[in-house]
Amino acid sequence: MCTAISYRGGTHYFGRTLDLEYGYHETVTVTPRRFPLPFRLAGRMDTHHAIIGISAGEPRDYPLYYDGTNEHGLAIAALNFPNYAHYPPAGEAAGDRIAPFELILWVLGQCADADEAEALLHHCTVVNLPFSEALPLTPLHWMIADRRRSLVVESTAEGMHIFRNPVDVMTNSPDFPAQLGHLQSFRALSAKEPPCRFPGPDRLPGVGRGLGAVGLPGDWSSPSRFVRAAFALGNVPRDSDDFTALEDFFRITDCVSVPRGCIRVEGGDVITRYTACADTARGLYYWTTSRNRQIQCVSLHRAAPEGDQLRRFPLYTPRQIRHHN
């Protein structure tokens, strides 16, 4: 369970929520230009674009990114895609054969914008190849964005699909065309107050503000989060200063964040473990966590992007409360 958003206004903010009942000791990770990137079936990049994002804490010597952006402002997030993702065997695949865990590095390492990413992925197949026995395949799909547009990439039993994303949001299953079809059912919702159209001689008075959004789904299922995120993102003003826009981004993700105790599975409570937001133009990676709501930040350009060693920064930091008396 996750939600990804591309906010395009005066600047471009891209990010996501990560909703899980467990974690892998995630860190904010900088992969500099000369850190070698070996691919299982597609050769090796000894030099590439610098990348910043959030990755699994282990293995320490390889950046298993969940989401990230590169020094040119292209951003990607990988989200869970259960019951729909399908990866063909490597021996049956054509073109560049990329494992699911490699796709973020494959694209961010060599593409500067969404046009280049789309062209690259037209010659790529995501194949059935896990990272290791301890880290088996995860069903994934991907949202890719720059400051002009966003894409959704899905590998299903019907093949590899690249969709233009007109609403700049993505959640989980079902597939992206089904999510857009479901969204059409909510086309009458509005941020404005609706007129009374109830039949009868007496007009019914309103009971408060926000009636234009009556019917907006409030649960945490993937289709409902898709609708709620698209409604909030579609209505937010885009003429704000950059800091206000950053606050707006985190307010939108609050609409789809999962509180502790609301989704219970065998492994525990699903919660929004972190919310990430990249200022893609400046190479700034902001985030909050379930235990620390303070917005924190790491700068790609201050972390030696020309180097050859990974830089890791702690994601989960202690709670901070400012006491005024």
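Visitor: Which residues of α5 are buried?

Guide: A245, L246, D248, F249, F250, I252 and T253 are buried in α5. Buried means under 20% relative accessible area, exposed over 50%, and partly exposed in between (1.4 Å probe, protein chains only). This is a predicted model: local features need pLDDT of at least 70, side-chain atom pairs count only at pLDDT 80 or more, and totals for chains, interfaces and linings use all residues. Residues are numbered from 1 along each chain as its sequence is written, and side-chain values use heavy atoms, with hydrogens and water left out.

Visitor: What do the buried residues of α5 pack against?

Guide: They pack against β1 (2-8), β2 (12-20), α4 (222-235), β17 (271-279) and β18 (284-289). Contact here means heavy atoms within 4.5 Å.

Visitor: How do you know that D241 caps the N-terminal end of α5?

Guide: A side-chain oxygen of D241 lies 3.1 Å from the backbone nitrogen of F243. A polar contact is a pair of N or O atoms within 3.5 Å; within protein, one must be able to donate a hydrogen and the other to accept it, and residues adjacent in sequence count only if both atoms are side-chain atoms.

Visitor: Why is T11 called buried?

Guide: Its relative accessible area is 4%, so T11 is buried. T11 sits in the loop between β1 and β2. A polar contact of 3.5 Å joins the side chains of T11 and D279. Not counting residues up to four places away in sequence, T11 touches R147, D242, D279, A281 and R282.

Visitor: Why is the pair of Y62 and F131 called tilted?

Guide: Rings of Phe, Tyr and Trp (its six-membered ring) pair if their centres lie within 6.5 Å; planes under 30 degrees apart count as stacked, over 60 as edge-to-face and the rest as tilted. By this rule the count comes to 10 aromatic pairs. Y7 and Y13 form a tilted one, 6.3 Å centre to centre with 55° between the planes. For Y62 and F131, the centres are 5.5 Å apart and the planes at 45°, so this pair is tilted. The pair links distant parts of the chain, 69 residues apart: Y62 is in the loop between β6 (51-55) and β7 (65-70), and F131 is in the loop between β10 (124-126) and β11 (140-145). Ring pairs also link Y62, F101 and F131 into a cluster.

Visitor: How do you know that R40 lies over the face of F131?

Guide: R40 is 5.4 Å from the ring centre of F131. A charge sits over a ring if NZ of Lys or CZ of Arg is within 6 Å of the ring centre and within 35 degrees of the ring normal. R238 likewise lies over the face of Y7, at 4.8 Å from the ring centre.

Visitor: Which residues in the largest nonpolar core touch the most other members?

Guide: Of its 89 residues, they are Y7, Y13, W106, V107, L121, W142 and I144. α4 gives the most to this core, with 7 residues. A nonpolar core is a set of buried Ala, Val, Leu, Ile, Met, Phe, Trp, Tyr and Cys residues joined through side-chain atoms within 4.5 Å. Leaving aside neighbours within four places in sequence, V107 is in contact with L74, I76, A117, L120 and L121.

Visitor: Why does A304 count as partly exposed?

Guide: Its relative accessibility is 35%, so A304 counts as partly exposed. A304 lies in the loop between β19 (296-299) and β20 (311-314). A304 and T31 are 273 residues apart in sequence and 9.4 Å apart in space, C-alpha to C-alpha.

Visitor: Why does N83 count as exposed?

Guide: N83 has 80% relative accessibility, so it counts as exposed. Its phi is positive, about 70°, although N83 is not a glycine. Most residues other than glycine have a negative phi, and most peptide bonds are trans.

Visitor: Why is D168 called buried?

Guide: D168 has a relative accessible area of 7%, so it is buried. Its phi is also positive, near 60°.

Visitor: Which peptide bond is cis at P59?

Guide: The bond joining E58 and P59, with omega about 0°. Another cis peptide bond joins S173 and P174, with omega about 10°.

Technical notes
Helices (H or I, at least four residues) and strands (E, at least two) are DSSP runs, numbered from the N terminus.
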